[in-house]
Amino acid sequence: MGSVTVKSTKGYKQEIKSEKHSFSCDIPEDLGGTDSAPDPHELLFGSLGSCTAITVQMYAKKKNIPLESVSVKLWEEKIADPENESRTMPKINREVTVEGKLSDEQVEDLKGAANKCPIHKLLSGKNVIETSIKAAATKS
């Protein structure tokens, strides 16, 4: 995977560029944005949902499972933190709907494939995010 660059534009709107694509991110008006693009949570959920759907489709094709379509709905809720009862933690709910003439066993196989989606693994595994910051010269 190549790199992605995010640059602030006007207000809180962000321009996101990958090697071949460009898109935007913004926040709702009640938080000071212009609501002109998906917010960061929507982009994250879109990433997880699309990766899940693609993984399920690829698995079905490889195993000759008669999958006709797949859709993924995601939402977040707060749950009690099992390690600290006075705190909450986020829980991402992912509801995958598959269509086709599928046996119960095939549906279970597709669920297993959904859990092998690379973005699912990234979000649910141990991660390290290393941050560096540098000051750019200001324009005169």
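In this predicted model, Q14 is buried, with a relative accessible area of 19%, a value that falls under the 20% cut-off for burial. Q14 belongs to strand 2, which covers residues 14-17, and its side chain reaches the backbone oxygen of Y12 at 2.8 Å. The points below take up the surroundings of Q14 and then the protein chain as a whole.

**Surroundings of Q14**

- Leaving aside residues up to four places away in sequence, Q14 touches V6, K7, S8 and T9, and also F23, S24 and C25.

**Fold and overall shape**

- The protein chain contains three helices and five strands, and from the N terminus on these elements follow the order β-β-β-α-β-β-α-α.
- The radius of gyration of the protein chain is 19 Å, whereas the globule rule gives 14 Å for 140 residues, so the chain is more spread out than a compact globule.
- Taken along the principal axes, the box filled by the C-alpha atoms of the protein chain is roughly 65 × 45 × 30 Å.
- Among contacts in the protein chain with a separation of 6 or more, 35% are between residues 24 or more positions apart.

**Surface and charge**

- The protein chain exposes about 11200 Å², of which carbon and sulfur atoms supply 52%.
- The protein chain carries 20 positive and 21 negative side chains, and the centres of these two sets are 9 Å apart.

Note on methods: Residues are numbered from 1 along each chain as its sequence is written. This is a predicted model: local features need pLDDT of at least 70, side-chain atom pairs count only at pLDDT 80 or more; totals for chains, interfaces and linings use all residues. Side-chain values use heavy atoms; hydrogens and water are left out. Helices (H or I, at least four residues) and strands (E, at least two) are DSSP runs, numbered from the N terminus. Buried means under 20% relative accessible area, exposed over 50%, partly exposed in between (1.4 Å probe, protein chains only). A polar contact is a pair of N or O atoms within 3.5 Å; within protein, one must be able to donate a hydrogen and the other to accept it, and residues adjacent in sequence count only if both atoms are side-chain atoms. Contact means heavy atoms within 4.5 Å. The radius of gyration is taken over C-alpha atoms; the globule rule is 2.2 Å times the number of residues to the power 0.38. Accessible areas come from the Shrake-Rupley method with a 1.4 Å probe; for residues, only the protein chains shown count as cover. Lys and Arg count as positive and Asp and Glu as negative; His and the chain ends are not counted. The place of a charge is taken as NZ of Lys, CZ of Arg, CG of Asp or CD of Glu.
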